[in-house]
Amino acid sequence: MEMNLRNRLKATIPDQIALTPQKKEEILEAAHVRLEQQQTPVKKHMWKPFAVGISALALTALLSYPVIDEIKEQLTISQITEQSYEEISIPGRSADTLSTAVFDDATNSFYYYEGNTIYSYALDTHIEKVEERSEFPISKMLVNENWLVWMADDRNSVFVKNRETLEVKGFSTETFMDLEDDTLLTEMSDTRTGHTIYSLTNLHTNEVKQFTQAFDNSAVSQPIYQDNQLLLPSAFKKDGVETVRFTLYDVGTEKEKQYDFPFKGIHDVALTDHKIYASFRTGESLEVGYVDLEDGSYHKLDGKKALTLTAYQNNLALYEWIPKEEKYRFRSYQVKEDGSLTPLYAFKDAPLALLIPRYTKEGTLQVFGINEKYLTEDGIHEAKDDAIKIFLQR
């Protein structure tokens, strides 16, 4: 009976879930004990065949619902918390340089800039190469499978390189914010009309769609373009009350929705999984929560306070305030349907202080880490190869 029960439990583990043998056995053993405890012993009497039949039906129901669902949920969470991570060192690069690094899933490479040069570092070959040299020092960069985009200091120009044809073209704008597939989001101020103009440019066809926002609705966080939706956060006074507004444009249907909440501002924002996650200013403090775009409701997340955040589907990474340590630390969570948080312990064995979490469009989590023993008042000892690392979890 015991082996049959264990085999039945073992069969419930989905093939795609990869756990260490020790962890898998721990979960199976705990589930087996729990199931044994919940079974009611069958008394020996004249109705034994009938009782055995009822017991078998009860056991079948027990193995199917709800215990097995709970076991599967525990296995899934255990898989996430046990996911391995990659630790990348790029010799000779400073913290300032590596903090510009952007990971590209398509080429399995990092892209970063220093001075007037953009570099790539391929994880497959561990080779660094020059991708582009600019006439002026580079101040900003984005990259995806199709395009490399950058700006130079004090120049109202964006330069775009087609990664297939290697053709480079430029156009005038104040800055750019986001890049998805072939669409680039840029910003330009129009002092004549008192509006900020956000442009979505198709880099293949040069087709442009524009959206405007009044200057009096001051931007409080960077706009986001994702899944053919444009999110514009703003803060202003509405009837004398300080208000945060999220304006969401469906670029395909050209429909607009607005969501207003009584906060003083926003430190950071993310758009994913039909939710807007944000770190809100409530006065002297911060509050992390999300807006459910299905019904417009707001949900506060477990009293979290974070300077920065990033999210992908139901995974949330924070640079949050830890009261016991009296400092900000990296933490990551899985957000459940009821709004509760399950700690994921990503990079829990990483020996460095983790900063600047960000998810790629494909869901890879990138974190920048510094070795605290090399920290001085002036920064990091750049000569140490183990002073700065980048961590990935896919």
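Strand 27 (365-370) gives the most to the lining of the largest cavity, with three residues. Strands, like helices, are DSSP runs numbered from the N terminus, a strand being E with at least two residues and a helix H or I with at least four. The model is predicted, so local features need pLDDT of at least 70 and side-chain atom pairs count only at pLDDT 80 or more, while totals for chains, interfaces and linings use all residues. Residues are numbered from 1 along each chain as its sequence is written, and side-chain values use heavy atoms, with hydrogens and water left out.

Strand 26 (353-359) also supplies at least two residues of that lining. The residues that line the largest cavity are Leu 98, Ser 99, Ala 101, Ile 356, Arg 358, Gln 366, Val 367, Phe 368 and Ile 390. By class they are six nonpolar, two polar and one charged; Ala, Val, Leu, Ile, Met, Phe, Trp, Tyr, Cys and Pro count as nonpolar, Asp, Glu, Lys and Arg as charged, and the others, Gly among them, as polar. The space in this cavity is about 50 Å³, and the structure holds two cavities of 30 Å³ or more.

Rolling a probe the size of a water molecule over the atoms shows where empty space is left. Here the search runs on a 1 Å grid over the protein atoms alone: a cavity is a set of points where a 1.4 Å probe fits but cannot get out, a pocket is an open set with protein on both sides within 12 Å along at least five of seven lines, and lining residues have an atom within 4 Å of a point. Points are joined across faces, edges and corners, and a volume is the space filled by probe spheres set on them.

The largest pocket contains about 1500 Å³ of space. It is lined by 47 residues, of which Leu 142, Asp 178, Arg 358, Tyr 359 and Lys 361 are the closest to its centre. Several strands supply at least two residues each, including strand 2 (102-104), strand 6 (138-143), strand 10 (175-180), strand 18 (265-272) and strand 26.

For the chain as a whole, there are five helices and 30 strands. Of its 394 residues, 47% are buried, where buried means under 20% relative accessible area, exposed over 50%, and partly exposed in between (1.4 Å probe, protein chains only). The chain exposes about 21200 Å², with carbon and sulfur atoms supplying 47% of that area; the areas come from the Shrake-Rupley method with a 1.4 Å probe, and for residues only the protein chains shown count as cover. Among contacts (heavy atoms within 4.5 Å) with a separation of 6 or more, 38% are between residues 24 or more positions apart.

Ser 120 lies in strand 4 (residues 117-122) and counts as buried because its relative accessibility is 5%. Beyond its neighbours within four places in sequence, Ser 120 is in contact with residues including Phe 110, Tyr 112, Ile 127 and Glu 131. With Glu 131 there is a side-chain polar contact of 2.7 Å. A polar contact is a pair of N or O atoms within 3.5 Å; within protein, one must be able to donate a hydrogen and the other to accept it, and residues adjacent in sequence count only if both atoms are side-chain atoms.

The loop between strand 4 and strand 5 (127-133) holds His 126, which is exposed at 55% relative accessible area. Most residues other than glycine have a negative phi. His 126, not a glycine, has a positive phi of about 60 degrees. Asp 227, in the loop between strand 14 and strand 15, also has a positive phi, of about 50 degrees, and is exposed at 59%.

Lys 264 sits in the loop between strand 17 (255-261) and strand 18 and is partly exposed, at 34% relative accessibility. Its side chain makes a polar contact of 2.6 Å with that of Glu 242. Ala 235 is among the residues in contact with Lys 264; the C-alpha atoms of the two are 7.1 Å apart, across 29 residues along the chain. Ala 235 itself belongs to strand 15 (residues 229-238) and is buried, with a relative accessible area of 10%.
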